[in-house]
Amino acid sequence: MGAGLELSGLRRDGSEFPVEISLSPLETSDGLLVSAAVRDVSDRKAADERISELALIVESSQDAILTKTLDGVITFWNAAAARMYGYTAKEAIGRHVSILAPPGHEDEIDALLARIGRGERIDHYETLRLTSTGSLLDVDTLLCPVRARDGAITGACAIARDITGLKRAQQEITRLYEQQRHIALTLQRALMGSPPEVPGVQTASRYLPATRGAGVGGDWFDLIPLGAGRVGVLIGDVMGRGLEAATVMGQLRSAANALARTGMPPRQLMHALDAVARDLPGQLITCCYLVINANQGELTAASAGHLPVLLVQPDATIGQLPVPVSVPLGVGGIPHQETTVPVPPCSTLVLYTDGLVETRTSDLGTQIKALETALRTIFATTSSLEEAADRVLAALLPGSGEPADDVTLLLARTPAAPLASAQTMLRPEPRQVAAGRRFARQTLTAWQQTGLADTVCLLVSEILTNAVHHARQMIGLHLHYTAREVIAEITDDNPQLPQRTLPAPADESGRGLTLLEALAGTWGARPSSTGKTVWFTLPIDAAPQ
């Protein structure tokens with residue numbers, strides 16, 4: 001048979017198509033004839049062209065493409081593989097693919113070939129590969145089986161991409177992210193500071209920065225000693241994360257601490273912070289401020305959109321404090337409210353931010369109930385606040401330790417009640433100053449604290465003299481005796497707070513505060529809804545003055 005000739009045929013519609021003509025000699029009685037076989041090879045030509053096209057694509061691909069037998073012998077090697085790994089096709093074809101495996105990765109090659117032999121397709125397999133010069137590459141590889149016409153797996157095809165540069169970029173991004181997160185966390189902790197130890201108030205606190213996104217946020221809390229058996233407790237949450245939230249938190253915490261130390265009541269403090277927050281556009285801030293008055297066994301609180309404060313009584317009874325909740329800080333236009341509620345001595349206040357109780361799968365109210373249940377169980381078996389704090393986190397954040405949002409938890413135990421208290425009401429008349437001194441001496445004598453009587457009487461006399469001069473209504477004199485100090489409080493209806501000044505030698509007034517400064521352990525003044533209260537303390541072990 002003669003070799004086939006490829007020619008063009010003509011269809012009835014005038015279009016051409018490729019044909020193959022084979023000529024064969026045929027001996028007949030009539031002589032030598034030639035038979036011709038004409039075959040339409042359109043499909044074969046199209047297939048050949050497709051194969052050539054695919055071969056061009058494979059060869060010009062920027063990804064390294066190679067094939068190998070199931071025994072690992074390389075059978076194909078494109079130009080990109082030569083550029084990536086440094087072996088020419090002549091050097092690579094016929095060698096075992098383990099030439100690309102770094103030391104210690106030989107078993108990895110065998111494991112991958114075994115998976116391919118089972119018909120698996122392996123997408124985005126990231127590993128290390130070795131070049132001809134001994135350098136290591138990070139590669140992302142697609143591995144798939146090569147099949148014969150009958151479907152049998154005869155080898156594997158690998159398409160690899162060098163991701164060394166991408167890996168380095170990711171590592172740099174991770175380094176910069178960790179650096180920024182460290183800066184934000186350092187700033188947040190520096191701005192939050194460590195709350196001072198307040199005598200008589202046990203506390204335990206936990207702060208867990210978020211592990212997602214920008215990490216650290218704007219949670220904060222503070223304990224503020226206000227003197228005379230009073231303690232301020234503050235917690236807040238600036239929505240958002242990162243340096244901006246931490247900076248805003250620092251501004252608000254500093255402002256709140258300074259305002260609280262003036263004796264400002266919670267409702268008034270919330271209004272002042274609201275004005276500060278309005279100068280910080282785009283911020284949503286929740287806050288709650290409580291003032292514990294251990295002498296009266298009560299607590300005054302106001303909340304600007306913050307989560308309920310929980311109270312654990314000494315018998316482990318749990319409940320939410322009935323604190324009126326107003327809008328978050330910065331909204332403005334809506335007055336904040338405060339309330340005063342009785343609180344048994346040695347009760348535990350539980351303050352927290354939403355990171356502790358907010359989840360995507362559960363209602364916020366349900367999670368707060370879960371917190372109450374956990375607290376009931378915990379405080380029924382321990383009185384340690386440190387242990388209780390750890391167990392609360394374990395119950396509300398089981399097994400994670402990596403919260404999606406900042407978590408702040410503060411447990412604060414209210415002080416014990418005074419050992420004794422006494423009070424009297426005095427008319428705003430000059431002769432009532434002597435009556436106040438007599439009351440103070442008699443009370444201290446009954447408490448067996450006669451060593452402090454002269455100093456207390458002198459200071460009470462100075463403050464009463466000023467109160468009698470300015471007051472119009474009855475003046476209250478309250479004395480409290482605790483394990484650490486004697487506390488005196490003088491209340492009148494004049495709202496003007498005493499001002500520290502240095503009197504001139506010829507001045508007859510202004511010396512009362514100088515005596516307070518010199519003789520009292522601590523002293524201060526705070527406004528009230530009906531006037532003011534001036535107070536001072538003397539430690540129990542103070543020597544007679």
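## Strand pairing in one sheet

Two strands are taken to pair if DSSP finds at least two bridges between them. In this predicted model, strand E4 (residues 64-69) and strand E8 (residues 153-162) run antiparallel and are joined by 6 bridges. One of the residues involved is leucine 66, whose bridge partner in E8 is alanine 158.

E4 and E8 belong to an open sheet of 5 strands, which has the order E5-E4-E8-E7-E6 and antiparallel pairing. At its edges lie strand E5 (74-77) and strand E6 (122-130), each of which pairs on one side only. From one strand to the next, the twist averages 30°. Helix H4 (residues 106-117) packs on this sheet, where the helix touches E4, E6, strand E7 (136-147) and E8, and the direction of H4 makes about 155° with that of E6.

## The surroundings of alanine 101

Alanine 101 is found in the loop between helix H3 (89-92) and H4. The relative accessibility of alanine 101 is 7%, and because buried means under 20%, this residue counts as buried. Not counting residues up to four places away in sequence, alanine 101 touches Glu106, Ile109 and Leu130. The C-alpha atoms of alanine 101 and arginine 129 are 5.4 Å apart in space, although the two residues are 28 residues apart in sequence.

## Aromatic pairs

Searching the whole structure gives 3 aromatic pairs. Together with Tyr87, Trp77 and Tyr85 form one aromatic cluster.

Tryptophan 447 and tyrosine 481 form a stacked aromatic pair, with 5.6 Å from centre to centre and 20° between the planes. This pair links distant parts of the chain, as tryptophan 447 lies in the loop between helix H10 (432-446) and helix H11 (453-470), whereas tyrosine 481 lies in strand E21 (residues 475-481), 34 residues apart. Both tryptophan 447 and tyrosine 481 are buried.

## Helix H9 and its buried side

Helix H9 (residues 385-396) is made of 12 residues, and the distance from its first C-alpha to its last reaches 16 Å, close to the 16 Å expected at 1.5 Å a residue. The residues Leu385, Ala388, Ala389, Val392, Leu393 and Leu396 of H9 are buried. These residues lie on the same side of H9, because they cover an arc of only 135° around the axis. The partners against which the buried residues of H9 pack are strand E9 (202-208), strand E18 (348-352), helix H8 (364-379) and strand E19 (407-413).

## The chain as a whole

The protein chain contains 12 helices and 24 strands. Of its 545 residues, 44% count as buried. When contacts between residues at least 6 apart in sequence are considered, 60% of them join residues at least 24 apart.

How values were computed: Residues numbered from 1 in each chain as written. Predicted model: local features only at pLDDT ≥ 70, side-chain atom pairs only at ≥ 80, totals over all residues. Heavy atoms only, no water. Phe/Tyr/Trp six-rings, centres within 6.5 Å; stacked < 30°, edge-to-face > 60°. Helix = DSSP H or I, 4+ residues; strand = E, 2+ residues; numbered from the N terminus. Buried < 20%, exposed > 50% of the residue type's maximum accessible area, 1.4 Å probe, protein only. Axes fitted to C-alpha atoms, helices over the stretch in contact; angles between N-to-C directions. Contact = heavy atoms within 4.5 Å. Expected span 1.5 Å × (residues − 1). Arc of directions from axis to C-beta.
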